Amino acid sequence: MRVIWILASLGLVAAEDGLNGWLRYARLPRGMLRHAKVPTHIIALNTSQASPVFTAGKELQKGIQGVLGQNPEVTYEGLHGRQGESSILVGTIEAYADAGGAADIPELEEDGFWLNTEGDSVEIVGQNERGALYGAFEYLSMIAQGNFSEVAYATNPSAPIRWINQWDNMDGTIERGYAGLSIFFENNVIVSNLTRVYEYARLLSSIRVNGIIVNNVNANPILLSLENMAGLGRIADAMRPWGVRIGVSLNFASPQTLGGLDTYDPFDKSVIAWWTDITDKLYEHVPDMVGYLVKANSEGQPGPLTYNRTLADGANLFAKALQPYGGIVMFRAFVYDHHLSHENWYNDRANGQMEFFKDLDGAFEDNVVIQIKYGPIDFQVREPPSPLFAHLPNTASAIELQVTQEYYGQQCHLVYIPPLWRTILDYDLRVDGQKSVVGTDILSGKTFNKKLSGYAAVVNVGLNTTWLGTHLAMSNLYAYGRLAWDPTNDDVRMLEDWTRLTFGFDETVLETITKMSMVSWPAYENYTGNLGIQTLTDITGPHYGPNPASHDGNGWGMWTRANEHSIGMDRTVWNGTGNAGYYPPEIAAMYEKVETTPDELLLWFHHVPYTQRLKNGNTVIQHFYDAHYAGAETAFGFPAQWAALEGKIDRQRFEETLFRLEYQAGHAIVWRDAINQFYFNKSSIPDARGRVGNYPWRVEAEDMELDGYRVTAVTPFEAASGLRIVQTVDNSTAASVRATLDFPAGVYDLAVAYYDLYEGQASYELFLNNRSLGTWVGDLEDRLGYTLTRGIDGHSATRITFRDVRIRKGDEVRIETQPHGRETAPLDYIAVLPKGVVE
Ligand code: GCU
C-alpha cells in the first residue's frame, strides 16, 4: 500500500515538459484500470513502415503500454488465421474487405473512419490510410480518458481542407512566434534533425489535420533552391507516416528574384514556364505535396496587380501548374491597401477583400481556394464574420483562424479561443434569405455545393518543449483540429477531453482549467477592446500591450476614429463606409442601425457619442470602464485558482503555468488602467464609480523619496499610473526609492509595478523596515515569449506581487535597484492590497 502511495506521489512530482502535449498516455488511476478491457493483439493492415496504418499499429501499442501498462503485440501482415480471436484491427476499408472483414460499414468520406468496440474485438476502419490512423487516435483518446464503453459509429470530416499555416522564416525565426525558433528552418536551410517535425505531425494527426504549409506567407524564395527542395522532401517524409501532407508559401516575384527573369508577370511565357518547372521539381521531392499558399499584393508583398493582371490571373498561374498533380492553391483574401487615407470618412480597410474579390467569383480555376480570415480586418478580439464568405458562390473558400495568439496576449495571457471562433462558425449569414451558418453550411461546402472548402489555422509552434510557449495554450491547437472536423463540437467538452489527456483525472483540476479557460476570452476582450472597437493594442508595433492611439491617423486602417466626443467606425451604407451593405440583406439591415446592432459590435459598425446608451442601459464610456474593471478582476483571480491545484499537477507544469498566470494578472491591470486612462483623458467623462485615475491603495513611485532616480513621463502616456514613473539617473549606479506607508495595520499583498525591457536585466530588492521581502530581476525577455520592445510602454509594463505581508501604519517600504543595460530599473508604483481589492 505504502509503496503504491509513494509511486503515485512520485508520478505527481515527476517533471513534465509538455513535449507530448495531449498524447502523454499517462497510466490510468488504479480504479479505472479495473474496468479496462482491451485486446492484447493489434493487427495493422499495412506492412509499409511509412504508411499511416503501420503508424497506427505502433501508436496503438505505445498508447496501450502507457495507459494500461500492457504490452500488446502488433502484426502487420493481415489476419493469418486470427479470425475470431480478440484483437484491435486497424486498416483501410479496402484492406479490411481483403482481410475478410465482415462488418457492414456506413458510408465513409475521404479521411473518415468507423470505430467499433462492441464485443471482444476493436475494429478501426478508415476510408483511407489517414482515416484509419484518425480512428486509432480516437480509440486511444477514449481509453486514455478511461472510457471503455462499447461504441460503433462512423465519422466523417466537415470539410476536406484542415490545414495549418506555420509562419516560419528561413532564418529560423517565426513571424508572430512566441515559443522559440523554428522546428523546420535555420540559416536559410531545412534543419538536419527533424525529430520535432515528426513529433509535431503526430500531434497534428491526432486532431485530424491533414495538411501544413511549412513556411511564412511572407515567403522567402530561397525555399525553392534545389538544396531546400530536397529538404522539403525530408520534411514530407517525416510527416507522411502521420498522414500530414506538406505545402509551401510562395513569393510571387520569385521568377525575378530567384529565377533571374526580368519579370514576374503571370501572363509572361517565361514566368509560366518557370513556375511549371519549379512545380515539377517540387513534386519530384514531394510527390504528395498538397499545394501552395499565396499572399499577393498584400502588405507590400508582390503580386499580379503590378502587371495589371487580376488576383484571379495570379492564382490561376499556380493552379494550372499544380493541376497535373492534383495540388491546390490557397489564395489569401487578406488583400487591402495599407496606405489608406484616414482623412476620408468613407475609406475602410474592411472593404478591401470585398473590393478585390467579389467581382472575381467564378474567375478562378477549380483548384483555387480563397482563404479568408474570419473577420474583415485581422484576427481582432471581436469581429463580425467576413462578408466575403457570402459572396463566392462559384469559388471554393476556406476560413483562416489563428491559434497563434498574436492579438490575444501572445501566449502570455491565458485565452481559450474557441468561444471567439464560435461567434463566427455559428453565425448564420442568411445568404439568399436561407440558413447559411458559416461552419456547418458554408465551410462544409453545402451552401454553394462545393467540393473544396475548409479550414486553415496560423500556428506558431517553436522549439520550446511546450510547443506554443505555454502549456495551457495547447488547448487551442487541440480544439482547432476538432472544430475543423466538426464545427459543432462543444467548447467545454473539447476542453475537458484535452484537460484529462493533458493533466489527468483530478476533478478540481478539470473544473479549474475549464472555468478559467471559459472565462478567459470574455475577460481578455473586457480588459483590451470592447464593443467591437478591436484589441486596442499597439498596431504599428508588437500587437501586444495597450496603445489605442496607434490605431488612428495612419494608413493601416484599423481605425477607431475616437475624438473627444465620439468613437467607432461608421460602416453604415447611409452615412459611412458602406461595409454593412456587403452582408446579405437581413444581416445588412441589422448592422445598418444602431438600435439593431448587437452591443458587442456597436463600435465596429457605428460612430457614436461616448454617452450613447447600450442595450444594457449603460453608456459606451461607462461600459468601457466597467468592462475593463471586470476583465482585469477575472484575470486577477487566476493565480489563486491555479495555486489551489498545487500537488495535483506535476511541479514543472504547475510552476511554469503559475508564473504566467501571475504575469497575466499584472498585465491585465496594466491594460485596464491604460485603456481607462486613455479614454478618460480623451472624453473627459469621469467613471461614475470613481475608480479611473483614483488608486487609494497605491503609492506612486514619483511621490516617493528618490535616491539616484529621476521622474519621467512615458510613451504612450497612459502606460504609467499617475502619468509619471521613475528611472535611475544613469544605467550603472545603484539607486533606491522609499516611502512611509499610511495604511491601517493588516495583512496585505504588496505589488510592485515596473517595466521589463529587453537588452538589460535590472535587479530589484524590496524591503519592509529593512527586512528583505524578496529580490527579482527584469528578465521576462528570457521567461516569456511576447514580442520584445525596447521601450518603457504598455508591453514592458508588468508587476510582481509579494503575498501576505503584515504591515503597520508608519512602516517604511524601500526598493533598492541596480540598473543594467537599457533597463534603468523603471518603477511605476507600489500597491498595498488588502484581500479582495484589485488595484
Ligand atoms: C498580420 C500579422 C502579420 C502577417 C499578416 C498576414 O497583419 O501581423 O505578421 O504577415 O497578418 O496575415 O499576412
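This is a predicted model: local features need pLDDT of at least 70, side-chain atom pairs count only at pLDDT 80 or more; totals for chains, interfaces and linings use all residues.
## How confident is the model?

The chain has an average pLDDT of 96, and 98% of the residues reach at least 70.

The start of the chain deserves a careful eye. Residues 1-13 have a pLDDT below 50, and in the model this stretch makes seven contacts beyond its near neighbours in sequence.

## The domains

Next, take a step back and look at the chain as a whole. The domain assignment gives domain 1 as residues 35-155, domain 2 as residues 161-503 and domain 3 as residues 698-834.

How far apart are the C-alpha centres of domain 2 and domain 3? The distance between these centres is 43 Å. The two domains do meet in the model: four residues of domain 2 are in contact with four residues of domain 3.

## Around the ligand

Now zoom in on the ligand. There are 13 residues around it, and those that come nearest are Glu175, Lys295, Arg332, Lys373 and Glu406. Sorted by class, this shell contains eight charged, three nonpolar and two polar residues.

Lysine 373 places a polar side-chain atom 2.6 Å from an oxygen atom of the ligand. For arginine 332, the distance from a polar side-chain atom to a ligand oxygen is 2.7 Å, and for arginine 176 it is 2.9 Å. On its own, the ligand has 310 Å² of accessible area, and the protein covers 96% of that.

Which form does the peptide bond from threonine 715 to proline 716 take, cis or trans? This bond is cis, and its omega is near 0 degrees. You can find proline 716 in the loop between β21 (709-712) and β22 (725-728).

Terms used:
Residues are numbered from 1 along each chain as its sequence is written. Side-chain values use heavy atoms; hydrogens and water are left out. A residue is near a molecule or strand if one of its heavy atoms lies within 4 Å of it. A polar contact is a pair of N or O atoms within 3.5 Å; within protein, one must be able to donate a hydrogen and the other to accept it, and residues adjacent in sequence count only if both atoms are side-chain atoms. Accessible areas come from the Shrake-Rupley method with a 1.4 Å probe; for residues, only the protein chains shown count as cover. Ala, Val, Leu, Ile, Met, Phe, Trp, Tyr, Cys and Pro count as nonpolar, Asp, Glu, Lys and Arg as charged, and the others, Gly among them, as polar. pLDDT is the predictor's confidence in each residue, from 0 to 100. Contact means heavy atoms within 4.5 Å. Domain bounds come from an automatic or database domain assignment. Helices (H or I, at least four residues) and strands (E, at least two) are DSSP runs, numbered from the N terminus.
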